[in-house]
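User: Could you walk me through reading this structure, one feature at a time? I would like the general idea and then the case at hand.

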Amino acid sequence: MPVPFLDLSRQNREIRDRALALFSDILEKSAFIGGAYVQEFEANFARFCQVPHGVAVNSGTDALRLAIAACGLEPGDEIITVPFTFIATAEVITQNVARLVFVDIDPDTYNMDPRKLEAAITPRTRGIIPVHLYGNPAPMDAIMDIARRHKLWVVEDACQAHGATLGGRAVGGLGTMGTFSFYPTKNLGATGEGGFVTTHSEELAQKVLALRNHGQSARYAHEFEGYNARMDALKAAVLNEKLRHLPEWNRQRAHWADVYYDGLRQVGDLVLPPITEGATHAWHLFSVRTQQRDALRAFLTERGIGTAVHYPIPLHVQKAYLHLGYAPEDFPVSMECSRTVLSLPLYQGITEPEVAETIAAVRAFFNRS
Ligand SMILES: Cc1ncc(COP(=O)(O)O)c(C=O)c1O
């Protein structure tokens, strides 16, 4: 039986009728940008993240861009993040004319290693962007402790972690600001691009609101230069609908993660995904590790089982960042993870036979070799 790596149509079928009714209403009203649907979604998603303020934007990348711009940056300021992430986390730093500084990840979480963070801080350091990779929260207590001591802001990259918690608190409300992506494949995915900024600070929320709309404080009154990073009503309306399902959808992801754990424990040299102590994982991705990653991937592909690699090349050795002068061995854990990770199918609507088929195929690979 073929098992697609991802099949979004299963999730979208669940909300199809409601989405079509919402589309029809918006077409009738012809209010496409911002408006009541966006405001309603902002209130609902901020509540979901346990924060008082939320601003809906055009993408996760824009959420990061606006959040760090709101926190404050000057040319030459240093911002620290990890090389084992999607490039957007880093791009927004250099495109805001700051200096991009990497620290390695911890093999026990695949997230920023707080023991290495402190050593990377200099008098020019202004902020930190930890990533909750795959939906597993970064060790925010240790990171926030270091940030407080050095008077740094922290913008959480929670683009893969809708609904994850740490110590019972939702990600997005743990740092100075939080950022989310609603790229269609995410746990909460839009009908197109979308993103969100969360914060406890009214002042920062106001700044992001203005940045989202060309720095406007009132119509055609521009306090500073901003961006066009607004969200459409069509996307907000569907996101609102999907948000009602998200707790249940995340529970189902957690169930399938448990099934994978039970089926793949002590199989070959497989390393199952780590979970940060005290965390609830959002299970955006279920990424295992093995020294035979490429062979296992080819074996699964032959049997019609889709997989993906998140991410095959760490940022510090990407052509785009060679000018920073890092050597591959500067971040050995990121290098090792890039060489060995493999994401297995895990999504809303995956079925028991599909998960069983995937487990059986992985086991067959290791029995054979
Ligand atoms: C960790 C991480 N950061 C940032 C982003 C950027 O989000 P978007 O694609 O919505 O711009 C993504 C999404 O792909 C991501 O996974």
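The dialogue below goes through sheets, helices, the ligand, salt bridges and backbone geometry.

Analyst: Happy to! Keep in mind that this is a predicted model.

User: Let's begin with the sheets. In what order do the strands of the seven-stranded open sheet come?

Analyst: Reading across the sheet, the order is β1-β9-β8-β5-β4-β2-β3, and the pairing is mixed. In an open sheet, look next at the two ends. Here the edges are β1 (53–57) and β3 (99–102); each has a single partner strand, so one side of each is left without a neighbour in the sheet.

User: How do I go down to a single strand pair? Which way do β2 and β4 run relative to each other, and how many bridges join them?

Analyst: Strand β2 (residues 78–81) and strand β4 (residues 125–128) run parallel, and three bridges join them.

User: Now the ligand. How many residues surround it, and which are the closest?

Analyst: Start with the neighbours, then pick out the polar pairs. The ligand is surrounded by 16 residues, the closest being G60, T61, D157, Q160 and S181. D157 places a polar side-chain atom 2.8 Å from a nitrogen atom of the ligand. On the oxygen side, an N or O atom in the side chain of Q160 is 2.9 Å from a ligand oxygen atom, and a side-chain N or O atom of K186 is 2.9 Å from an oxygen atom of the ligand.

User: How much of the ligand does the protein bury?

Analyst: The protein buries 93% of the 390 Å² that the ligand exposes when taken alone.

User: On to salt bridges. How many are there, and what can one of them tell me?

Analyst: The count comes to 22 salt bridges. One of them pairs the side chains of E241 and R18, at 3.1 Å from N to O. Now place both partners: E241 lies in helix α8 (residues 233–264) and R18 in helix α1 (residues 8–29), so the pair ties together parts that are 223 residues apart in sequence.

User: Last topic: backbone geometry. What should I look for?

Analyst: Look for exceptions, because most residues other than glycine have a negative phi, and most peptide bonds are trans. In this model, S30 has a positive phi, near 50°, and is found in the loop between α1 and α2 (36–48). A cis peptide bond joins H310 and Y311, with omega about 10°. Y311 lies in the loop between α9 (293–302) and α10 (332–340).

Terms used: Residues are numbered from 1 along each chain as its sequence is written. This is a predicted model: local features need pLDDT of at least 70, side-chain atom pairs count only at pLDDT 80 or more; totals for chains, interfaces and linings use all residues. Side-chain values use heavy atoms; hydrogens and water are left out. Two strands pair if DSSP finds at least two bridges between them. Helices (H or I, at least four residues) and strands (E, at least two) are DSSP runs, numbered from the N terminus. A residue is near a molecule or strand if one of its heavy atoms lies within 4 Å of it. A polar contact is a pair of N or O atoms within 3.5 Å; within protein, one must be able to donate a hydrogen and the other to accept it, and residues adjacent in sequence count only if both atoms are side-chain atoms. Accessible areas come from the Shrake-Rupley method with a 1.4 Å probe; for residues, only the protein chains shown count as cover. A salt bridge is a side-chain nitrogen of Lys or Arg within 4 Å of a carboxyl oxygen of Asp or Glu.
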